[in-house]
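Work through the exercises below with the model open beside you. Try each task before reading its solution.

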Amino acid sequence: MNAFDLKGKTVLVTGASSGLGRQTAITASEYGARVIVTGRNTIRLQETFGSLQGEGHQQIPADLTIQADIDRLVEALPMLDGLVQSTGISELAPARFITAETISRTFRISFDASVLLTARILAKKKLSKGNSSIVFISSISTRYPFVGGAMYISAKAALEAYARVLALELASRGTRVNCIAPAFVRTPMLNETAENFSQEAVNKIEERQLLGLGDPVDVANTIIFYLSDASKWVSATNLILGGG
Ligand SMILES: NC(=O)c1ccc[n+]([C@@H]2O[C@H](COP(=O)([O-])OP(=O)(O)OC[C@H]3O[C@@H](n4cnc5c(N)ncnc54)[C@H](OP(=O)(O)O)[C@@H]3O)[C@@H](O)[C@H]2O)c1
């Protein structure tokens with residue numbers, strides 16, 4: 001068995017009905033993990049579920065902005081070795097148009113959902129002690145912001161701060177906590193960016209990223225490292241995946 005192998009590990013992936021979460025779930029299954037996938041859209045979640053390699057996987061639809069859904073999801077979970085949190089929305093708003101509703105809509109899914117799901121999983125003792133891993137997906141935009149991204153980026157910055165504290169709190173039980181901060185990757189979220197701005201804006205982003213736009217599998221492979229024993233001495237990091 002090599003250190004990147006996920007055989008014998010059980011991993012929950014949120015946001016698994018699309019984009020980075022979907023690819024992470026598929027790649028984790030290819031590395032031998034038993035994968036639990038969750039998302040809101042049951043049709044797309046089923047598509048992900050149908051693409052998983054191996055056996056023993058589960059799909060549990062849930063809206064993670066609803067506490068009752070979080071509770072139901074956690075209740076149905078087996079003991080986990082890994083937790084990948086890939087939910088998010090990319091709603092953009094220039095500073096003068098930000099309202100209380102804009103703030104809460106973005107934070108509820110991009111921050112609160114991850115924090116509350118983690119709290120419930122820990123409280124219900126569903127994350128194994130000794131050698132487990134939590135991975136949050138932040139964004140390179142916390143270092144390199146873009147116009148209109150105030151709420152998205154603030155929520156991600158809050159998530160990064162939360163992850164650092166969590167890494168401190170969980171180290172003694174053998175749980176690693178890391179963030180990854182990708183630059184732009186080809187997912188439905190990027191298509192939304194193209195619609196909100198223009199294809200030209202996306203082309204400019206691509207030019208700025210030394211290795212061009214990323215593919216979901218580039219992010220998924222990095223997450224495999226964090227879930228696997230290859231990263232057993234790695235915690236409290238925030239890895240920028242910027243394509244150079
Ligand atoms: N794509 C990029 O270029 C990029 C770059 C940096 C960081 N990121 C971050 O990476 C993460 C994944 O992005 P992506 O590109 O994969 O986006 P995506 O394709 O739009 O997927 C977002 C996922 O979040 C889920 N989600 C949204 N609201 C939810 C809710 N209330 N309850 C449960 N699930 C919910 C969606 O589920 P449903 O569709 O089923 O509702 C979907 O599975 C996000 O945190 C994003 O900020 C992306």
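Two residues are in contact if their C-beta atoms, placed from the backbone, lie within 7 Å. The model used here is predicted.

**Exercise 1.** Find which residues of α3 meet which residues of α4, and describe how the two helices are arranged.

Solution.
Step 1. Locate helix α3 at residues 67-76 and helix α4 at residues 100-123.
Step 2. On the α3 side, the contact consists of Gln 67, Ile 70, Asp 71 and Val 74. Leu 116, Leu 117, Arg 120 and Ile 121 face them from α4.
Step 3. Sorted by class, this contact of α3 with α4 holds 5 nonpolar, 1 polar and 2 charged residues.
Step 4. The axes are 10 Å apart, at an angle of about 40°. The pair is therefore oblique.
Step 5. The crossing of α3 and α4 is right-handed.

**Exercise 2.** Determine whether α4 is roughly parallel or oblique to α5.

Solution.
Step 1. The axes of α4 and α5 cross at roughly 20° and come within 9 Å.
Step 2. Angles under 35 degrees count as roughly parallel, so α4 is roughly parallel to α5.
Step 3. The contact includes Phe 107 and Phe 111 of α4, and Ala 155 and Leu 159 of α5.
Step 4. Its residues divide into 11 nonpolar, 5 polar and 1 charged.

**Exercise 3.** Which residues touch the most other members of the largest nonpolar core?

Solution.
Step 1. This core has 48 residues, and those residues are Val 11, Val 13, Ala 28, Val 35 and Ile 223.
Step 2. Helix α5 (residues 150-170) contributes the most to this core, with 7 residues.
Step 3. A second, separate core has 8 residues, among them Leu 73, Val 74, Ala 113 and Leu 117.

How values were computed. Residues numbered from 1 in each chain as written. Predicted model: local features only at pLDDT ≥ 70, side-chain atom pairs only at ≥ 80, totals over all residues. Axes fitted to C-alpha atoms, helices over the stretch in contact; angles between N-to-C directions. Helix = DSSP H or I, 4+ residues; strand = E, 2+ residues; numbered from the N terminus. Parallel < 35°, antiparallel > 145°, perpendicular 65-115°, else oblique. Left-handed = near helix turned anticlockwise from the far one by under 90°. Nonpolar A, V, L, I, M, F, W, Y, C, P; charged D, E, K, R; others polar. Core = buried A, V, L, I, M, F, W, Y, C linked by C-beta atoms within 7 Å. Buried ≥ 20, exposed ≤ 12 C-beta atoms within 10 Å, placed from the backbone.
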